[in-house]
Amino acid sequence: MIDSNEYALITVIEGNENSINSKFNPRLLEEEAIKCVKHWRKNAGIYADIDIYCICVSGNNPKLETIEALNKYNVKYIYHYDKRSENFKNGWWCKPLGCSILETILPHKYLIHIDLDMYLYKPPSFSLNKNLCLVYDSYDCIFERKPSKKFSDKFKPFNTCFMTTIREDRIFSQWFDALLKLEHSFCTDNKYCKSYFDEIEYNKLEEGAFDIVSLYRKNNIKAVNDIMFGETYTPLYEMHSTNNICFHHYHLYNKYDLKHYNFIKDKLLFLNEYA
């Protein structure tokens with residue numbers, strides 16, 4: 001058993017129509033959020049009843065009915081506008097900023113962060129009381145940033161859609177600070193950026209910044225593998241192991257649109273052949 005008061009699930013949200021990414025990646029972010037917390041409350045086992053927080057740091061609030069729907073699952077919605085979000089060219093930047101704010105105001109000992117497009121179907125099979133982050137596997141690595149020569153022997157391409165932290169270690173604050181430094185370098189002289197990455201796209205700076213934070217030995221960040229399947233990730237038949245899968249990842253574009261990714265078909269495949 002755990003002391004549920006020591007743990008909190010923290011998430012970051014924007015509205016459907018007004019999100020920073022809505023022009024190039026339109027999705028039903030609010031419906032994803034409701035589905036995400038519903039699955040957590042139902043399937044998280046000993047973690048099912050921990051506090052859940054959902055923060056919006058941009059001026060792009062979700063609708064009132066979405067906030068009310070989240071409240072039904074005992075989710076504490078926090079609107080904490082941060083002026084720095086006005087300069088974000090990518091909505092994913094809201095994630096380290098929002099989590100860093102929650103890190104400074106919440107009392108919990110351990111913080112669990114997941115993206116809102118991740119749906120839990122069984123409890124994690126490992127403890128969540130340490131600094132952890134998901135990593136891309138060898139299949140997904142082909143499509144990820146490429147480390148510099150001096151960085152290559154220590155390089156793990158982290159996937160920040162699942163993280164757990166010891167709050168006092170201030171991992172999220174370090175991550176956001178590293179992102180600002182990395183983005184500044186990427187957009188100016190590129191020297192700092194090039195010292196870590198031979199190739200990195202602008203939209204990958206957020207995860208690249210976490211790669212850098214993981215190098216600080218004091219943070220003791222451990223890698224987690226093979227806990228998720230779904231849209232944009234390694235096909236089930238290519239995964240090293242399916243034993244520890246606990247999340248199904250996919251985006252919602254509208255309730256009846258399966259042309260991007262047929263999550264119903266893939267879920268049945270997983271349950272029938274891999275679970």
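Analyst: Let's start with the residue classes: Ala, Val, Leu, Ile, Met, Phe, Trp, Tyr, Cys and Pro count as nonpolar, Asp, Glu, Lys and Arg as charged, and the others, Gly among them, as polar. By that scheme, the lining of the largest pocket splits into twelve nonpolar, eleven polar and twelve charged residues. A bit of background: this is a predicted model, where local features need pLDDT of at least 70 and side-chain atom pairs count only at pLDDT 80 or more, while totals for chains, interfaces and linings use all residues. Residues are numbered from 1 along each chain as its sequence is written, and side-chain values use heavy atoms, leaving out hydrogens and water.

What's a pocket here? On a 1 Å grid over the protein atoms alone, where a 1.4 Å probe fits, it's an open set of points with protein on both sides within 12 Å along at least five of seven lines; lining residues have an atom within 4 Å of a point. Its volume is the space filled by probe spheres set on the points, which are joined across faces, edges and corners.

The largest pocket has a volume of about 910 Å³. Its lining has 35 residues, and R27, W92, D115, D117 and H251 lie nearest the centre. Two or more residues each come from α1 (29–43), α3 (94–105), β4 (110–114), β8 (158–166) and α7 (205–213). Those labels are DSSP runs numbered from the N terminus: helices (H or I, at least four residues) and strands (E, at least two). The largest share, three residues, is from β8.

Now the second largest pocket, with about 360 Å³ of space. Among its 18 lining residues, K35, H39, Y119, Y250 and K267 lie nearest the centre. Here α1, β5 (118–120) and α8 (263–273) give two or more residues each, and α1 has the largest share, six. The lining has eleven nonpolar, three polar and four charged residues.

Y250 and F263 make a stacked aromatic pair, 4.2 Å centre to centre with 0° between the planes (ring centres of Phe, Tyr or Trp, by its six-membered ring, within 6.5 Å make a pair; planes under 30 degrees apart count as stacked, over 60 as edge-to-face and the rest as tilted). Y250 sits in the loop between β12 (247–249) and α8, and F263 in helix α8, so the pair ties together parts 13 residues apart in sequence. Both Y250 and F263 are buried (under 20% relative accessible area with a 1.4 Å probe, protein chains only; exposed is over 50%, partly exposed in between).
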